[in-house]
Amino acid sequence: MANIIATGFNAGSIDGELFSLEAELRRLAEIGVDTVELGLTSIDLISGGRIIRERAERLKALTAQFPFRYTVHGLVSSNFMDPATLRYQMDAAKALIEICDQIDARIIVQHGGHLRADQLFDRAAADEREREALFELAEFARPYDVRIAFENIFTTEPGQYRQTPAEVAATVKAVNHPNLVALIDFSHAYIESTYRGLDFREQLRAMAPVAGHLHVHDSFGRPIGFYKPYHLQEATALGLGVLHLPLGWGDMDWEDIFSELEFLPGTVMMMEINHRYRSEQPASLERAQQLMALNARRISIAAE
């Protein structure tokens, strides 16, 4: 039995309105996608932690037009380590969970937190603060049958405090809540492993047993550092940073990875392929489906 049950792409609004999201959903339906991760914070749906009901109803009507399985990406700027904004973030995250329930999305993505270099006195309690917040959010999500997918991120500025992928897995284990799973972002893990001198594959192995959601996009695992490309394509030319490339454009050995790892039952594999690679999305979809089949065979053989 396959533990990865679906694959697809992320979609959002380019102008804060639902019209551009609708156009993107129609395009994804045309290429045969059956699962979509909605970037709901690209739309004004929540104000000060309160749901804007008229807009939420419009979103519900829009999503009902398509037969997609939906997941939701929560606040991209989420940071449960930050004591100054934690309460506001929690209010917004809970509102997003209510919206998830309204559109029948049963996974919401929560980014791992961080502290700036100057937040030295907040570090002692940072991990515990995040664990407590994740437990609170998971408890809130339980009656809605929504799972929190806790995503590994990567260091983005000097002196920043972040958890490694293995530490993200340890956080999920420590919280120990049925509505909390880890989310492996493979390129994030690749870049952070390079930056910290960690074994990339060992970091993935630490996360896989508690991972119930996946973000897949290619890269070369090279931190971008202080390099500033003039055009986004110049970073791609150098292979620097998180590029959200089509599968096969980077140097990750996807087949070997998915031949080895086993994830939680009910895992969804979302491809975060940059919008400028729309032409390559059909080929990436086909390859992702092949990776799903490869992973299913690995589990079948292991069960024999």
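Mentor: What follows is a set of questions about labels in this model, which is predicted.

Trainee: Why is the pair of Y190 and F200 called stacked?

Mentor: The centres of Y190 and F200 are 4.7 Å apart and their planes make an angle of 25°. Rings pair within 6.5 Å and count as stacked under 30 degrees, so the label stacked applies.

Trainee: What parts does this pair tie together?

Mentor: Y190 belongs to helix α6 (residues 186–196) and F200 to helix α7 (residues 200–207), so parts ten residues apart in sequence are tied together. Y190 and F200 are both buried.

Trainee: Why is the pair of W249 and Y277 called edge-to-face?

Mentor: For W249 and Y277 the angle between the planes is 65°, with 5.0 Å centre to centre. Edge-to-face requires over 60 degrees, so the label applies. W249 sits in the loop between α8 (232–238) and α9 (254–260), and Y277 in the loop between β12 (267–271) and α10 (281–303), so this pair ties together parts 28 residues apart in sequence.

Trainee: What makes R58 count as lying over the face of F19?

Mentor: R58 is at 5.8 Å from the ring centre of F19. The limit is 6 Å, together with a limit of 35 degrees from the ring normal. R58 is listed as lying over the face.

Trainee: Which residues touch the most other members of the largest nonpolar core?

Mentor: This core has 77 residues, and those residues are L25, L40, F186, L214, F258 and F263. Helix α3 (residues 86–102) contributes the most, with eight residues. A second, separate core of five residues includes I107, V109, A149 and L183.

Trainee: How do you know that strand β6 pairs with other strands?

Mentor: Pairing needs at least two bridges. Strand β5 (residues 69–73) and β6 are parallel over three bridges, and β6 is joined to strand β8 (residues 147–151), also parallel, by five. H73 is opposite V109 in β6, while Q110 is opposite F150 in β8.

Trainee: What makes β6 mostly covered?

Mentor: Six of the seven residues of β6 (residues 105–111) are buried. With β5 and α3, β6 also makes a right-handed β-α-β unit.

Conventions. Residues numbered from 1 in each chain as written. Predicted model: local features only at pLDDT ≥ 70, side-chain atom pairs only at ≥ 80, totals over all residues. Heavy atoms only, no water. Core = buried A, V, L, I, M, F, W, Y, C linked by side-chain atoms within 4.5 Å. Buried < 20%, exposed > 50% of the residue type's maximum accessible area, 1.4 Å probe, protein only. Helix = DSSP H or I, 4+ residues; strand = E, 2+ residues; numbered from the N terminus. Right-handed = clockwise from strand over helix to strand, strands pointing away. Phe/Tyr/Trp six-rings, centres within 6.5 Å; stacked < 30°, edge-to-face > 60°.
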